[in-house]
Amino acid sequence: MLDTKNMYKELGISEKVYLYGQEIESSLKERFAEIDKVAEYNQLKVIHAMQESRVSEGCFHYASGYGYSDQGRDTLEEVYAKTFHTESALVRPQITCGTHALALALSANLRPGDELLSPVGKPYDTLEEVIGIRKSKGSLAEYGITYRQVELLEDGTFDYENIKKAINEKTKLVTIQRSKGYQTRPSFSVTQIGELIAFVKSIKPDVICMVDNCYGEFVETIEPSDVGADMVVGSLIKNPGGGLAPIGGYIAGKEECIENCAYRLTSPGLGKEVGASLGVMQSFFQGFFLAPTVVAGALKGAIFAANVYEKLGFPVIPNGTESRHDIIQAVTLGTPEGVIAFCKGIQAAAPVDSYVSPEPWAMPGYDSDVIMAAGAFVQGSSIELSADGPIKPPYAVYFQGGLTWEHAKLGILMSLEQLVQKGIVTLP
Ligand SMILES: *Cc1c(COP(=O)(O)O)cnc(C)c1O
């Protein structure tokens with residue numbers, strides 16, 4: 001007989017926490033089966049794109065210098081374009097992170113005098129400095145690009161009336177963030193995003209619709225680019241990197257938009273032709289290949305966490321039963337101590353750096369102290385099991401990732417163990 005319970009005990013999980021987790025897990029069989037079906041579809045989609053793009057061993061070779069005719073890079077961009085059903089894609093290790101990819105997509109496609117509109121409320125924290133909502137060097141505002149924002153309605157849906165009013169002759173680009181990020185609003189389904197894009201285009205057909213796709217890739221069988229987005233943008237140390245990409249970002253979309261991005265990333269006149277891949281291609285391809293399964297594991301973890309904490313009386317977004325549009329799980333613990341204990345538990349479950357204890361700190365780009373738990377193979381990778389909590393009301397943690405479901409489960413049980421030990425939670 002497998003002595004799994006004892007193994008958990010060795011890792012620091014008490015019997016009570018383990019049994020509580022088992023009970024929750026056994027109630028989730030059907031949900032998990034649905035997730036596996038989506039992963040199956042997306043796995044086939046990626047393999048199909050790889051076969052059609054004739055991925056070969058040569059794609060994994062090291063390219064240096066200018067990177068002219070870098071076969072791996074060019075083929076990978078074709079694989080992304082085929083998977084996202086777009087005309088083109090830019091997928092590069094020179095795009096340093098998600099914020100960089102988004103800043104690139106915006107600055108490449110906006111010109112002085114243009115206006116940017118977010119019809120879904122406040123964007124992700126780091127974009128406030130990119131746009132210039134918070135004053136910063138090099139922001140779009142410094143280049144004479146104005147910004148408008150329309151809040152979501154009380155119930156988290158789009159305020160079509162005010163969106164219509166906000167679109168004007170200057171509006172050039174509309175940015176739609178799929179995932180909630182560090183907010184407690186709902187994340188949007190791809191279908192909802194499609195409706196919003198159709199509405200925006202019915203008012204101004206030539207406006208560029210960009211979707212911040214961070215944390216959303218492969219959660220559904222369609223992507224925002226399947227429902228009218230002109231650009232989808234994300235980070236390779238989140239979903240599409242599959243945990244293997246050590247760096248990078250992507251932008252997939254209309255040829256013209258991607259061309260603008262390439263000229264902005266490298267240089268006018270050079271565009272996509274330069275940018276050597278420096279040996280990272282195998283990890284980019286293999287990570288993208290694994291991404292649908294990795295995302296499935298992360299989703300199971302998120303749903304497990306929602307059910308574990310919801311049944312203990314903590315507000316969770318999304319709730320335990322609703323459908324998922326990204327891999328993030330928000331759990332409102334209500335106190336700084338709760339946030340810190342939760343994150344310490346996630347850290348203690350990690351394969352790397354499990355012995356360190358995370359503390360809140362003033363992270364660049366964020367407007368409050370943030371505590372981050374991650375024992376990752378790739379620094380800051382949030383497709384790996386991780387939790388972040390801004391130390392400000394409502395004291396919510398944002399939990400995401402897990403390269404395997406089994407690890408995600410351990411992390412959540414460990415977080416619960418910490419909360420029980422601190423006396424913040426009493427199990428039924
Ligand atoms: C993570 C994230 C970003 C920024 O990505 P970084 O890689 O952290 O710079 C932007 N938008 C959303 C919704 C994100 O989740």
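On a 1 Å grid over the protein atoms alone, a pocket is an open set of points with protein on both sides within 12 Å along at least five of seven lines. A molecule sits in a pocket if more than half of its atoms lie within 2 Å of its grid points. I looked up the ligand first: the space it takes is the largest pocket.

I noted what I am working with. This is a predicted model, in which local features need pLDDT of at least 70 and side-chain atom pairs count only at pLDDT 80 or more, while totals for chains, interfaces and linings use all residues. Residues are numbered from 1 along each chain as its sequence is written, and side-chain values use heavy atoms, with hydrogens and water left out.

**Entry: the shell around the ligand**

Helices are DSSP runs of H or I with at least four residues, strands are runs of E with at least two, and both are numbered from the N terminus.

Lys-238 has a polar side-chain atom 2.9 Å from a ligand oxygen. The ligand on its own has 380 Å² of accessible area, and the protein covers 91% of that (Shrake-Rupley method, 1.4 Å probe).

Most peptide bonds are trans, and most residues other than glycine have a negative phi. I found a cis bond between Ile-317 and Pro-318, with omega about -5 degrees. Pro-318 is in the loop between β8 (316-317) and β9 (329-332). Another cis bond joins Pro-393 and Pro-394, with omega about 10 degrees.

Which loop holds Pro-394? I placed Pro-394 between β11 (386-390) and β12 (396-400). Tyr-395 lies in the loop between β11 and β12, and its phi is positive, about 60 degrees.

Asp-353 also has a positive phi, near 60 degrees. I found Asp-353 in the loop between α11 (336-348) and β10 (370-374). Asp-353 counts as partly exposed because its relative accessibility is 34%, between the limits of under 20% for buried and over 50% for exposed.

Notes:
A polar contact is a pair of N or O atoms within 3.5 Å; within protein, one must be able to donate a hydrogen and the other to accept it, and residues adjacent in sequence count only if both atoms are side-chain atoms. On a 1 Å grid over the protein atoms alone, a cavity is a set of points where a 1.4 Å probe fits but cannot get out, and a pocket is an open set with protein on both sides within 12 Å along at least five of seven lines; lining residues have an atom within 4 Å of a point. Buried means under 20% relative accessible area, exposed over 50%, partly exposed in between (1.4 Å probe, protein chains only).
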